[in-house]
Amino acid sequence: MSLSDDSRYLKGGPVAQRIIAAVREDAAIAKAEGFPPKLISITVGDTDAVDVYVRNQRAKAELAGIDFEERRFPATITAGELEAAIHGLNADPRVTGIIIQRPVPAHIPIKTLQAAVHPLKDVEGMHPASIGNIVYNQLDLAPCTAAASVELLKETGLDLRGLEVVIVGHSEIVGKPIAFLLMSEGATVTVCHHMTRSVAAHARRADALFVAVGKPRLIKADMVKPGAAVIDIGINSEIGPDGQSRVVGDVDTDSVRHVASWITPVPGGVGPITVAILLRNTMVALSRQRALYEATYGTADRLAAE
Ligand SMILES: NC(=O)C1=CN([C@@H]2O[C@H](COP(=O)(O)OP(=O)(O)OC[C@H]3O[C@@H](n4cnc5c(N)ncnc54)[C@H](OP(=O)(O)O)[C@@H]3O)[C@@H](O)[C@H]2O)C=CC1
Ligand SMILES: Nc1nc(=O)c2c([nH]1)NC[C@@H]1CN(c3ccc(C(=O)N[C@@H](CCC(=O)O)C(=O)O)cc3)C=[N+]21
């Protein structure tokens with residue numbers, strides 16, 4: 001059966017389009033009211049997965065009516081220079097949101113950079129204050145991939161309350177925030193990582209299995225409970241049988257799709273929703289900035305005031 005006509009595939013495209021259509025309406029209104037949204041992407045060095053992400057950010061931002069600007073820095077830049085650049089963007093009233101693409105070179109502490117982004121401009125929800133809010137069930141500005149993955153699970157219509165969920169991978173940007181988002185929805189959550197004794201034993205118990213590791217075909221059919229929902233977050237580049245580079249996830253989709261009731265394709269699953277949520281977060285950030293601005297200066301046209 002082809003990828004497009006198998007109802008087991010939980011596709012991200014339609015969800016992403018829905019989100020982007022709503023963002024587009026919001027952005028048009030904000031623009032007309034003198035608050036044009038603008039997203040800045042910071043890339044340090046070169047990584048394939050980042051290039052794909054940034055390319056899609058630019059395309060979808062354009063579609064949604066959000067200004068997009070990429071700032072690329074060489075891998076040799078110092079942490080201090082990057083922090084100074086971020087402070088400049090924090091102070092620029094035309095900049096709504098800042099995303100720092102991961103990974104950054106080893107000599108740059110990513111946490112310091114994430115903490116340097118002003119919380120009001122933190123469209124990825126990675127500032128310690130933003131990520132802390134998730135623990136308090138304040139979920140409107142969650143890390144994009146985590147929010148995208150949960151959004152796709154909701155497409156199954158499964159009741160999340162009491163659902164047995166297993167997450168493989170516990171990074172700060174994906175696995176951990178997914179665990180918090182799902183706990184707040186009432187799911188029972190198990191988190192596996194490289195020290196877990198038997199990932200397979202846990203995975204086989206899951207009604208919903210999230211995988212964010214970065215290893216192609218890590219999850220095989222015998223690790224999946226029949227009827228489960230499998231959310232494959234991995235984005236890995238590899239050379240296919242035809243000698244061409246291709247993007248694959250962390251799940252052995254060809255075998256797992258016969259066992260699972262739902263499975264997300266890669267590409268075409270979580271990825272497109274991640275981009276859409278980044279844009280939606282940009283609008284959330286803008287509305288917070290406007291609320292603060294209007295509380296300070298009244299509702300006068302901001303650009304006229306500058
Ligand atoms: N679709 C999207 O929008 C996005 C996709 N991604 C993709 O998701 C994947 C994961 O990304 P990210 O979370 O940033 O990666 P990290 O490398 O930061 O984290 C990987 C996690 O997997 C765990 N792990 C490693 N090996 C195993 C194993 N054999 N069994 C179980 N757990 C293991 C690690 O555990 P430990 O720390 O204990 O070693 C770690 O928690 C990548 O393919 C990335 O490209 C990432 C962001 C967005
Ligand atoms: N701070 C930070 N946050 C991230 O969320 C982050 C990051 N850094 N660094 C890189 C990874 C990777 N990532 C992707 C997101 C979407 C697609 C995407 O849109 N993929 C499409 C298109 C794939 C294609 O064109 O081949 C799809 O899966 O269908 C890809 C990759 C986010 N990441």
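Two residues are in contact if their C-beta atoms, placed from the backbone, lie within 7 Å. The structure is a predicted model: local features need pLDDT of at least 70, side-chain atom pairs count only at pLDDT 80 or more, and totals for chains, interfaces and linings use all residues. Residues are numbered from 1 along each chain as its sequence is written, while chains are lettered from A and ligands numbered from 1 in the order in which they are written.

**Exercise 1.** Find what Gly169 touches, and decide whether Gly169 is buried or exposed.

*Solution.* Step 1: locate the residue. Gly169 lies in the loop between strand E4 (164-168) and helix H7 (175-184); helices (H or I, at least four residues) and strands (E, at least two) are DSSP runs, numbered from the N terminus.

Step 1: list the contacts. Not counting residues up to four places away in sequence, Gly169 touches Val174, Gly175, His193, Val211, Ala212 and Val213.

Step 2: apply the cut-offs. A residue is buried if 20 or more other C-beta atoms lie within 10 Å of its own, exposed if 12 or fewer, and partly exposed in between. Gly169 has 23 other C-beta atoms within 10 Å, so Gly169 is buried.

**Exercise 2.** Describe where the buried residues of helix H1 lie and what they pack against.

*Solution.* Step 1: H1 (residues 13-32) has 20 residues.

Step 1: the buried residues of H1 are Val15, Ala16, Ile19, Ile20, Val23, Asp26 and Ala27. Seen down the axis of H1, these fall within an arc of 130° (taken from the directions from the helix axis to the C-beta atoms), so they line one face of the helix.

Step 2: recall the geometry. An α-helix has 3.6 residues a turn, so residues three or four places apart point the same way.

Step 3: the buried residues of H1 pack against helix H2 (48-64), helix H6 (144-154) and helix H10 (270-297). On the other side of H1, Pro14, Ala21, Glu25, Ile29 and Ala32 are exposed.

Technical notes:
The expected span of a helix is 1.5 Å times one less than its number of residues.
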